[in-house]
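Open your viewer and get ready to click. This tour tells you what to select next and what you will find there.

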Amino acid sequence: MSTPTDRAEAHARDLARFQAIAMHAAEKAHGAIEATEDAAELCALISALSKAGRVLRMSIALETKLARDAGRDAAVLTEKAVATRKARLAGTLDRMIWTQMRPMEAEAATADLRERLEAEALLDGFADEPVEAQVERIAGLLGLTGEAIGPYVPASLRHRPSSFRHFWGDDEAWEDEAGEDEAEDDETEGVDAVARPSGEPQPNPDPFNGRLAPPIDLPSWECDDDTS
């Protein structure tokens with residue numbers, strides 16, 4: 001079964017041969033025009049030359065279109081290959097990161113991995129390099145040792161370190177991080193709940209009672225109520 005590339009190459013060969021035939025016909029018509037003295041024959045030869053030229057121009061235009069389409073198709077295939085390679089590397093290295101590093105270190109390494117993949121994807125031949133070689137090279141840049149120190153934590157459970165309990169158990173690494181995270185939450189939630197001494201009035205959130213400025217003493221004739 002022929003591939004799209006094979007068919008494109010066959011079409012290009014046929015088109016090139018047809019161009020050669022059209023050019024040969026145009027040259028023969030031109031030679032006949034130069035040799036004839038008969039007016040009727042001359043008109044017929046000129047018409048034949050015009051048709052041969054039109055066919056030649058159409059074949060050249062078609063060749064240009066095919067080349068442009070082939071370039072566009074190649075660009076699409078390259079883009080898909082790059083995206084596929086990035087996804088494959090990200091999946092493999094992400095699992096390595098989250099089994100060979102502590103949670104806080106893994107978060108930083110994951111962000112570093114995303115930036116490295118974006119940069120390397122712009123290089124020529126990114127999708128052509130062997131996957132194993134890429135994994136080994138990038139893993140070394142990220143500081144991975146190849147030794148697992150804990151179970152893999154799925155990405156959907158990484159939003160809070162406290163959710164690592166199921167995977168890390170009583171390990172001190174996640175306990176410290178979970179404690180810091182929960183302390184920050186408690187501090188934020190308790191800003192408005194600070195204990196006050198008994199009997200001390202709460203601050204008035206609207207000291208001007210709805211006015212745009214502090215109240216002032218007005219003359220009696222400018223007051224709304226007739227208190228005079």
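At what angle do the axes of helix H2 and helix H4 cross? Select residues 39-100 for H2 and residues 131-142 for H4. Their axes come within 10 Å and cross at roughly 45°. Axes here are lines fitted to C-alpha atoms, for helices over the stretch in contact, and angles run from 0 to 180 degrees between N-to-C directions. Helices are DSSP runs of H or I with at least four residues, strands are runs of E with at least two, and both are numbered from the N terminus.

Before going on, a word on the model. It is predicted, and local features need pLDDT of at least 70, side-chain atom pairs count only at pLDDT 80 or more, while totals for chains, interfaces and linings use all residues. Residues are numbered from 1 along each chain as its sequence is written, and side-chain values use heavy atoms, with hydrogens and water left out.

**Stop 1: H2 against H4**

Stay with this pair. H2 and H4 are oblique to each other. The scale is this: under 35 degrees is roughly parallel, over 145 roughly antiparallel, 65 to 115 roughly perpendicular, and the rest oblique. H2 passes H4 in a right-handed crossing: right-handed means the near helix is turned clockwise from the far one by less than a right angle, left-handed means anticlockwise.

Now show side chains. From H2, pick Arg85, Arg88, Leu89, Thr92, Leu93, Met96 and Ile97. They meet Val131, Gln134, Val135, Ile138, Ala139 and Leu142 in H4. Contact means heavy atoms within 4.5 Å. By class, this contact has nine nonpolar, two polar and two charged residues. Ala, Val, Leu, Ile, Met, Phe, Trp, Tyr, Cys and Pro count as nonpolar, Asp, Glu, Lys and Arg as charged, and the others, Gly among them, as polar.

**Stop 2: H2 against H3**

Select residues 103-120, which form helix H3. H2 and H3 pack at an angle of about 160°, with axes 10 Å apart. That makes H2 roughly antiparallel to H3. Their crossing is right-handed. Residues of H2 in this contact include Leu89, Leu93, Asp94 and Trp98. On the H3 side, look for Pro103, Thr110 and Leu113, among others. The contact of H2 with H3 has ten nonpolar, one polar and four charged residues.

**Stop 3: Asp94**

Click Asp94, in helix H2. Is Asp94 buried or exposed? Asp94 is buried, because its relative accessible area is 13%. Buried means under 20% relative accessible area, exposed over 50%, and partly exposed in between (1.4 Å probe, protein chains only). Leaving aside neighbours within four places in sequence, Asp94 is in contact with Thr110, Leu113, Tyr152 and Arg158.

**Stop 4: H3 against H4**

Keep H3 and H4 on screen. They pack at an angle of about 135°, with axes 10 Å apart. H3 and H4 are therefore oblique to each other. Their crossing is right-handed. Ala109, Asp112, Leu113, Arg116, Leu117 and Glu120 in H3 meet Arg137, Ile138, Leu141 and Leu142 in H4. These residues divide into six nonpolar, no polar and four charged.

**Stop 5: Ser59**

Go back to H2 and select Ser59. Ser59 is buried, with a relative accessible area of 3%. Which residues does Ser59 touch, not counting those up to four places away in sequence? Leu15, Phe18 and Gln19.

**Last stop: the whole chain**

Zoom out. The chain has six helices and zero strands. Of its 228 residues, 22% count as buried.
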